[in-house]
Amino acid sequence: MERCLRIGEATPLCGVKGTCVNASICVCDEGWEKSTELAFYLTQEQFDLASEGVIDDTLVCNLQPTVLKFLYALALFSTVAVFSFQARFIRTRRHVRRVSPFLACCMASVLFCVARLIHLERNVGQDVLVTVLWAVVHVSGNFAVLFFNNRFIIYQAKATKELVPSPRFNPRNLKRLQVVLSFLDLLVGVLIISSSVVKLVETSRRLFKAVFGIFFCRSLYQIWAIGYFTNFIIQDFDKIINQDNEMATEDEYDIKIVRREELIRAFKRSRQGLKIVYFSLLFAILFMLFFYGSALVSHAGTASYQYFMPCQIVIGMLWTLTSLTAWKHNNFRPIKFIRSSIDTQVRLSRKLFKSSSGSLILNSENAAA
C-alpha cells in the first residue's frame, strides 16, 4: 500500500496545504493542487507517470495555480514593458547586434510565460519546449547582464584614463573573466536542456543540482566582481573630484582647459549612475542567491523553484530598466567634454586672432593715410 509523501524530513506529509487520508491519499486544501515540476523526491515509477501527465494520489500539495499564473502574467507584462522602453533607442544594426542577448532574452521570456499561462502543467525538466525556452532565458539573460555591466564599467573607466596618471582598473582582466563566465552559461544551458531528455529521476536531479551549484558560485563571484571593479572606478572618480588644483588637459593644440566645475559635475553624475547600477545588481543577485542556495540544499527548495522562475524574470527586467535609466542619464564621457571644449576655445582663439589682425591692419592703413 502506498504511503503519503513528504518533500523533506522536516515537512509534513502531503505538504502544508494537504491532508493525508488513510495514510495513502493526499487531499489538497481548496485552491491548491499537486505539481510534479522539479519534484525530485519522487520514486522512478512516480516520475515516469508524472512525465506522462498522470498525477499520483500520494503527491504533495505544493501548487497554487492562481498565484503562479499571476506571477507569470507579471513576468510577461514586465518583459513587454522593458522591451518597449529599450526598443525606442534601437536605431542601427550595430545597436541591434550589441543588444542581441537582451532581445533574445525578451523573446524567450515572452514565449516561456505564454506557454506556462496556457498550459501550466508543461513543466521545466519534463516538457522539452518549455525547458529549452527556460534555458534560452537563462543563458541570454546572463549574457545580457554580463555584457551590459562590463561595457558600462569599461565605458566609465575610460573617462578617467586620460585624467588619472595611473588608473587601477584594467579592462583586460574583466574581458578575460567574461569569456569564462560565458562558457559556464552555455554549459548551464546544455545541462538544463538535457534534463528534459533524461528520463531517470536521479540523473535529472543531479543535472539540476549542478545547475544550481554553478549559478550559486557565479552569483558569489558577481557580488565580489561588481564591488571590486566598481570600487576602482569610484576611487579614480573621487581622486578627480577631490583635487584641490584646477583640472587641466592638453590636446594637439597645446591649449589648457580649466572648466573644472562642469567637469566635476559630470564626474559626480557618472559616479551616481555607477552606484545605481551596482546596488540594483547587488539586490538582484542577493535575491537570486537565496533561491539558488535553497534549491541546492533541499528538495523543498528545489520544488519551490517553480515560483522563483517568473520572479527571476521580473527581477531581471526591473534591474534592466534601472540600469538603462542610469545609462541614459549618465551616458557621458568627460574626455569628450574636454575635447569639445578644446575645439571651442581653438575656434574662439582663431576668430579673436583674425579680428585682432584685421583691426591692426585697418589701424595701420588709417595711420598711413
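Me: A salt bridge is a side-chain nitrogen of Lys or Arg within 4 Å of a carboxyl oxygen of Asp or Glu. How many does a search of the whole structure find?

Reply: Opposite charges on side chains can pair when the charged atoms come close. Here the search finds five salt bridges. This is a predicted model: local features need pLDDT of at least 70, side-chain atom pairs count only at pLDDT 80 or more, and totals for chains, interfaces and linings use all residues. Residues are numbered from 1 along each chain as its sequence is written, and side-chain values use heavy atoms, with hydrogens and water left out.

Me: Which residue forms a salt bridge with Asp127?

Reply: Arg122 does, and the closest N and O atoms are 3.2 Å apart. Arg122 counts as partly exposed, at 25% relative accessibility. Read that scale as follows: buried is under 20% relative accessible area, exposed is over 50%, and partly exposed is in between (1.4 Å probe, protein chains only).

Me: What parts does the Asp185 and Arg218 pair tie together?

Reply: Start with the pair. Asp185 forms a salt bridge with Arg218, with closest N and O atoms 2.9 Å apart. Asp185 sits in helix 6 and Arg218 in helix 7, so the pair ties together parts 33 residues apart in sequence. Helices are DSSP runs (H or I, at least four residues), numbered from the N terminus.

Me: Are Asp185 and Arg218 buried or exposed?

Reply: Asp185 is buried, at 2% relative accessibility. Arg218 is buried too, at 5%.

Me: What does Glu202 pair with?

Reply: Glu202 bridges to Arg206, with closest N and O atoms 3.4 Å apart. The two lie four residues apart in helix 7, which means a separation of about one helical turn. Glu202 is partly exposed at 35%; Arg206 is exposed at 56%. Glu202, Arg205 and Arg206 are linked in a network of salt bridges.

Me: Now the nonpolar side. Which residues have the most contacts inside the largest nonpolar core?

Reply: A nonpolar core is a set of buried Ala, Val, Leu, Ile, Met, Phe, Trp, Tyr and Cys residues joined through side-chain atoms within 4.5 Å. The largest one has 49 residues, and Phe112, Trp134, Tyr305 and Ile313 have the most contacts inside it. Helices supplying at least two residues each include helix 2 (65–87), helix 5 (128–161) and helix 10 (305–329). Helix 10 gives the most, with nine residues.

Me: What does Trp134 touch?

Reply: Contact means heavy atoms within 4.5 Å. Leaving out residues up to four places away in sequence, Trp134 touches Phe112, Val124, Ile192, Tyr305, Met309, Gln312 and Ile313.
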